[in-house]
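Got a model open and wondering where its labels come from? Let's go through a few of them, one at a time.

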Amino acid sequence: MSANFWTSTHYKGLLDPEEVDVVHQLDKERGITLDDFKLIKLHMSNYIARLAQNVKVRQRVVATAITYMRRVYIRRSMTECDPRLVAPASLYLASKAEESTVQARLLVFYIKKLYSDDKYRYEIKDILDMEMKILESLNYYLVIFHPYRSLSQLLQDAGMNDATQLTWGLVNDTYKMDLILIHPPHLITLACIYIASVLKDKETTAWFEELHVDVNVVKNIAMGILDFYDSHKMITDERVNVAMSKLAGK
């Protein structure tokens, strides 16, 4: 297990946005557009978070599970790996990777409790089989570095301890996007701190200038997060249902 992000498989596996925003041919044949692709991943991120809340695992497990789920669709199509199964299987794998193991039967119990739709209904064997497919898709690289890791230290350094809750919430929301696949985690942390500083009217210009980072990159990430919030207002259950309906017929 790598303790250094810069020598980790996570760092070596970072992608350009153009490599992440790719709809697989099999999915295109189902009529799935790039917007649908993003919507389904967002819906599954929320699904993982909801399931995790019921089985009571900490936020780090949720973040790792969502990262696994998003990584799967770099290499696999949604047609061959149903997101409604990849999501709980990713949570199951992440719970083990983060040493907070959840039993598969508990996941199956809560899936049935949370969703009446048969398309979400999977059994223990399905989750275990998909876990192996996810492992293959991840090349068995399971270590994820998260923005939470440096959050407290950076907030303290910036004199913004009073913005901990706000910034933590912003970091949580970044998992509704693909940022963790594209940017080093500390830059995502800094982008969230930057947004919090603007919202709280805190002067942090000098502090950011002292950091050994490209502030323009941080601001660009921050703008991407704010753009997501704006576009998120346009997302309705109907739009999600239309996107999910295109997965039917498996």
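The expected span of a helix is 1.5 Å times one less than its number of residues. Keep in mind that this is a predicted model.

Q: How do you know that the span of α14 agrees with what a helix should give?
A: Helix α14 covers residues 215-232, which is 18 residues, and at 1.5 Å a residue they should span 26 Å. The end C-alpha atoms are 26 Å apart, so the two values agree.

Q: What about α5: what does it reach from its first C-alpha to its last?
A: Helix α5 (residues 59-75) has 17 residues and reaches 25 Å, close to the expected 24 Å.

Q: What makes α5 mostly covered?
A: Of its 17 residues, 13 are buried, and buried here means under 20% relative accessible area.

Q: Which residues of α14 are buried?
A: V218, I221, A222, I225 and F228. They cover an arc of only 110° around the axis, so they sit on the same side of α14. On the other side, N216 and N220 are exposed.

Q: What do the buried residues of α14 pack against?
A: Their partners are α4 (34-55), α10 (164-174), α11 (179-182), α12 (185-199) and α13 (205-210). Contact here takes heavy atoms within 4.5 Å.

Q: What makes D214 a cap for α14?
A: One of its side-chain oxygens lies 2.9 Å from the backbone nitrogen of N216, at the N-terminal end of the helix. The cut-off for a polar contact is 3.5 Å, so at 2.9 Å the pair makes it.

Q: Why is the pairing of D129 and K125 called a salt bridge?
A: The label needs a side-chain nitrogen of Lys or Arg within 4 Å of a carboxyl oxygen of Asp or Glu. For D129 and K125 the N to O distance is 2.7 Å, so the pair qualifies.

Q: Why are D129 and K125 separated by about one helical turn?
A: Because they are 4 residues apart in helix α8 (residues 124-137).

Q: Why does K125 count as exposed, while D129 counts as partly exposed?
A: Exposed means over 50%. K125 is at 58% relative accessibility, so it counts as exposed. D129 is at 37%, so it counts as partly exposed.

Q: How do you know that K202 and D162 form a salt bridge?
A: Their closest N and O atoms are 3.2 Å apart, and the limit is 4 Å. The pair links distant parts of the chain, 40 residues apart: K202 is in the loop between α12 and α13, and D162 is in the loop between α9 (151-157) and α10. K202 has a relative accessible area of 31%, so it is partly exposed. D162, at 48%, also counts as partly exposed.

Q: What about K233 and D230: what is the N to O distance in their salt bridge?
A: Their side chains meet at 3.6 Å, against a limit of 4 Å. K233 is at 66% relative accessibility and therefore counts as exposed, and D230 is at 45%, so it counts as partly exposed. Elsewhere, salt bridges that share partners join K41, R70 and D178 into one network.

Q: How many salt bridges does a search of the whole structure find?
A: It finds 13.

Conventions:
Residues are numbered from 1 along each chain as its sequence is written. This is a predicted model: local features need pLDDT of at least 70, side-chain atom pairs count only at pLDDT 80 or more; totals for chains, interfaces and linings use all residues. Side-chain values use heavy atoms; hydrogens and water are left out. Helices (H or I, at least four residues) and strands (E, at least two) are DSSP runs, numbered from the N terminus. Buried means under 20% relative accessible area, exposed over 50%, partly exposed in between (1.4 Å probe, protein chains only). The arc is that of the directions from the helix axis to the C-beta atoms. A polar contact is a pair of N or O atoms within 3.5 Å; within protein, one must be able to donate a hydrogen and the other to accept it, and residues adjacent in sequence count only if both atoms are side-chain atoms.
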